[in-house]
Amino acid sequence: MRIGDLAARTGLTTKTIRFYEDSGLLPAPPRTAGGYRDYPGHTATRLAFIRDAQRAGLTLAEIRSILALRDDGHAPCTHVTGLINEHLDDIDRRMAELAATREALRALADRAATTDPADCDADDICTILNRP
């Protein structure tokens, strides 16, 4: 199928499909006698997988590694499980960092609520942000 038909079938743009091909996520399709890309029907399934994996937060490099395993005839389930766990750990770490930042900002907001600008010394840039 031509790239325009594949784009219409998958809801992607032709530019995105070409990008995925250039990025190694899609194998180069055969060409017609006229030089047009002629994608096999199963390419739509592969593109749907790529979109689903991106929605799950996987990077293109991670998706490429999954596809490489599958293309080599191996089930990528163990690899995918490891990637999912890495992403969950990363999210947990970032959430903890955000919680700590929120607490620091709350403390600053409390300090700001009790700070009188008239008490600020000319040598201080901002007494709210200065450590007590």
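The face of helix α2 that is turned away from its buried side carries the exposed residues Lys-15 and Asp-22, where exposed denotes a relative accessible area over 50%, buried one under 20%, and partly exposed a value in between (1.4 Å probe, protein chains only). The structure is a predicted model, in which local features need a pLDDT of at least 70 and side-chain atom pairs count only at pLDDT 80 or more, whereas totals for chains, interfaces and linings use all residues. Residues are numbered from 1 along each chain as its sequence is written, and side-chain values use heavy atoms, with hydrogens and water left out. The mean pLDDT of the protein is 94, with 99% of its residues at 70 or more; pLDDT is the predictor's confidence in each residue, on a scale from 0 to 100. Confidence is lowest in α1, at a mean of 96, and highest in α4, at 98; helices (H or I, at least four residues) and strands (E, at least two) are DSSP runs, numbered from the N terminus.

Helix α2 spans residues 14-22, and its buried residues are Ile-17, Tyr-20 and Glu-21. Viewed down the axis of α2, these buried residues fall within an arc of 100°, so they line one face of the helix, the arc being that of the directions from the helix axis to the C-beta atoms. An α-helix has 3.6 residues a turn, so residues three or four places apart point the same way. The packing partners of the buried residues of α2 are α1 (3-10), α3 (43-55) and α4 (60-71). Just after α2, Gly-24 takes a positive phi of about 85°.

Arg-18 also lies in helix α2 and is partly exposed, at 34% relative accessibility. When residues up to four places away in sequence are not counted, Arg-18 touches Ile-3 and Arg-37, contact being defined by heavy atoms within 4.5 Å. The C-alpha atoms of Arg-18 and His-87, which are 69 residues apart along the chain, are separated by 27 Å.

A search of the whole structure for aromatic pairs finds one. This pair is formed by Phe-19 and Tyr-20 and is tilted, with 6.1 Å from centre to centre and 50° between the planes. Rings of Phe, Tyr and Trp (its six-membered ring) are taken to pair if their centres lie within 6.5 Å, and planes under 30 degrees apart count as stacked, those over 60 as edge-to-face and the rest as tilted. Of the two residues, Phe-19 is partly exposed, with a relative accessible area of 43%, whereas Tyr-20 is buried, at 5%. A further ring, that of Tyr-36, has the charged end of Arg-2 sitting over it, 4.1 Å from the ring centre; the criterion is that NZ of Lys or CZ of Arg is within 6 Å of the ring centre and within 35 degrees of the ring normal.

Arg-9 is found in helix α1 and is exposed, with a relative accessible area of 54%. Apart from neighbours within four places in sequence, Arg-9 is in contact with Met-1, Gly-41 and Ala-44. Arg-9 and Ala-44 are 35 residues apart in sequence, and their C-alpha atoms are 7.3 Å apart in space. Thr-43 has its place in helix α3 and is buried, at a relative accessible area of 7%. With residues up to four places away in sequence left out, Thr-43 touches Leu-6 and Leu-26.

For the cysteines, the count of disulfides comes to zero, a disulfide being a pair of cysteine sulfur atoms within 2.5 Å. The sulfur of Cys-126 is 6.5 Å from the closest cysteine sulfur, in Cys-120, which is too far for a bond. Cys-126 is partly exposed, with a relative accessible area of 28%, while Cys-77 counts as exposed, at 53% relative accessibility. Asp-116 lies in the segment after α5 (77-113) and counts as partly exposed, at 40% relative accessibility. Asp-116 and Leu-105 are eleven residues apart in sequence, with a C-alpha to C-alpha distance of 18 Å.
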